[in-house]
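Thanks for coming. Please look at the model on the screen while I go through a few points.

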Amino acid sequence: MIKSLKWRDYVFHTFCYVFLILVAFLQCFPFWLKLVDATHSPEFLPEIGKVYYWFADFTMQNFGTAIQASRFFQALGVSLLHTCSFTFLSLIVVVCVGYVLAKIRFRGSGIVAGMLMMTLMIPGEVMLAANYKLTIFFGINTNTLGIILPGIVNVFGIFLVRQYMANIPDSVLEAASLDGCGEVKKLFWIVFPMSGPIIVTYIILTFIGTWNEYLFPMILHDASHSDWLYTLQLAMRQFNPKFGGAADNYVRSAGMILITIPIIVMYLVFQKYILNQSNISGLK
Amino acid sequence: MEKKSAFSSFKKKYKNEITAYSIIGIPLLWWTVFFVIAFVWAFVVSFTDMSRGFTWDRVTLISFDNYIRIFSNTPQAKEFWSAIGVTSLWTIVMLVGNNVMGLLCAFLIKSLKRGGKVFLALLFWPSLVSAIVGADIAQTVFAPDNGGIINQIIIACGGRPVEWFLNPNTAIWALMVIPFFFGFCQKLLIYYAAIVAIPETYQEAAYLETSSRFKIFMKITLPLMRNAILLNTLLSLIDGFKVLGPMQLVTNGGPNNKTQSAMLLIYKSVFEKMRIGQGCAYAFVLFFIILAISIVQKKLSGKEETSYD
């Protein structure tokens, strides 16, 4: 009986490893193909009907070409500006509103929470045209503010943070009040440090989401062609043959690798926080 | 004197309200502008024939014409319902596929004795990749003739190469593959968090009864992960209904509108064809469909909470 159990355990574990390795391989393999593609020299003529799995005629030249053709560093700057300021502003909003909804008992809190909750059900499609019109109305449709400001009240984030802050014991806050701590002081000196994990989670989720955002910047950029809207995603879009990019296959692959690198670097640096499961269990 | 005390008693009585609204006042105002006003604006526009840019000059109210067009036998109706079909298909496949795959991988990673963290890290990172890169990879992998790796495999197995993105029957399925493989990782992380949070004692107790892992998973683990499943379902629905990236970047809705999602249709009507009124009407019909679905889902899911106490 026990012996058969062990044998089954062994088979099961082998299956686990084989399956997971297979999945990880299938996920990583396309990027390897892209990398191989990106390192062919421009003069290299591939055999028709052959997929290259290993470097042939290795060069780093395509990366340089891609950086030049896409004005990479300018786009990187705009992307960083967009992502950082959006993450920062929306974090402040989310923390303040989340705190008030979680910890202050006031008349109308139910109505406020309910109204905000309703917004979660509105699909992005409904807001597309209207938000574009609003950016024109406020005169921010030709600069980075146009892609930063419309979304900074992130309702999903508010509920995420509120859920977490609701678990902070009231006694801590009462003790602070007795010591003469005002609400704003309480928020920034007590609640903010105590909600570390959820704030880190929120920052990471927002950062990645904003970095990869592409629809709204594209709409604004296509209308005005302003350099202040030229994010990294749009810079790489021009290599897509459908959008009339002249770049050949190798440069395009190099561009795709380039655009993925910042995200990978961020992942490696913050991996500990991203994968920390206790942060996410706050998502309940 | 009298007045001052009245004021201070007012201040005392409404102390919490004053603090609360002074903190959330500006965000609420912001929200009102970018959600409420935007929503109302789009709703009003959906009853007009706005089509010469985003201005109100020479715009007339045409009452329900935009909506009637969606519900009668017109090209617009055909396009819209086909887009709804594509979006629904996409959402259902992604919902089921991503969640099953995420659950499976979370379960397998949890049961590993060693190296669980490594696999978690390895499997998660593709969900950080942007739609542009995903689209480019799809074009590479599913390249027509014998240029792409999938067709190479088909040829090696003795089949005929498929023009994946030009064939109306295969285009949508070929589009799904990459978002499926890169998208389930986020679900995986949430499921893994939920699986790890289940106390070991539960499983140990179950092992005394049965040695079937499958049975334990179905009877013990799965019901305890209810919250994570609900959250992931919600996230999949939200993401699924606004899908646009893969379609726009790879096929642009072609062949034969077979890959035109609702979001792509609305984007095209508003920003390419400049039929803003019609586009907003599309969006609102979609909104009511989603509203109905979420009400039904709320009714079905109830309001129980999982707790391990």
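What volume does the largest cavity have? The volume is about 30 Å³, and the structure holds one cavity of 30 Å³ or more. On a 1 Å grid over the protein atoms alone, a cavity is a set of points where a 1.4 Å probe fits but cannot get out, and lining residues have an atom within 4 Å of a point. Grid points are joined across faces, edges and corners, and the volume is the space filled by probe spheres set on the points.

This is a predicted model, in which local features need pLDDT of at least 70, side-chain atom pairs count only at pLDDT 80 or more, and totals for chains, interfaces and linings use all residues. Residues are numbered from 1 along each chain as written, chains are lettered from A and ligands numbered from 1 in written order, and side-chain values use heavy atoms, without hydrogens and water.

Back to the cavity. Its lining includes Trp211(A) and Gln233(A) from chain A, and Leu128(B) and Ser130(B) from chain B.

Now the domains of chain A, with bounds from an automatic or database assignment. Domain 1 covers 2-59 and domain 2 covers 66-283. Their C-alpha centres lie 33 Å apart. Ten residues of domain 1 and seven of domain 2 make the contact, meaning heavy atoms within 4.5 Å.

The area buried between these two domains is about 700 Å², with 62% from carbon and sulfur atoms. Buried area is the accessible area (1.4 Å probe) that two parts lose on being put together, summed over both. On the domain 1 side, Lys34(A), Asp37(A) and Ala38(A) lose the most, together 58% of what that side buries.

How values were computed. 1 Å grid on protein atoms, 1.4 Å probe; cavity = no way out; pocket = protein on both sides within 12 Å on 5 of 7 lines; lining within 4 Å.
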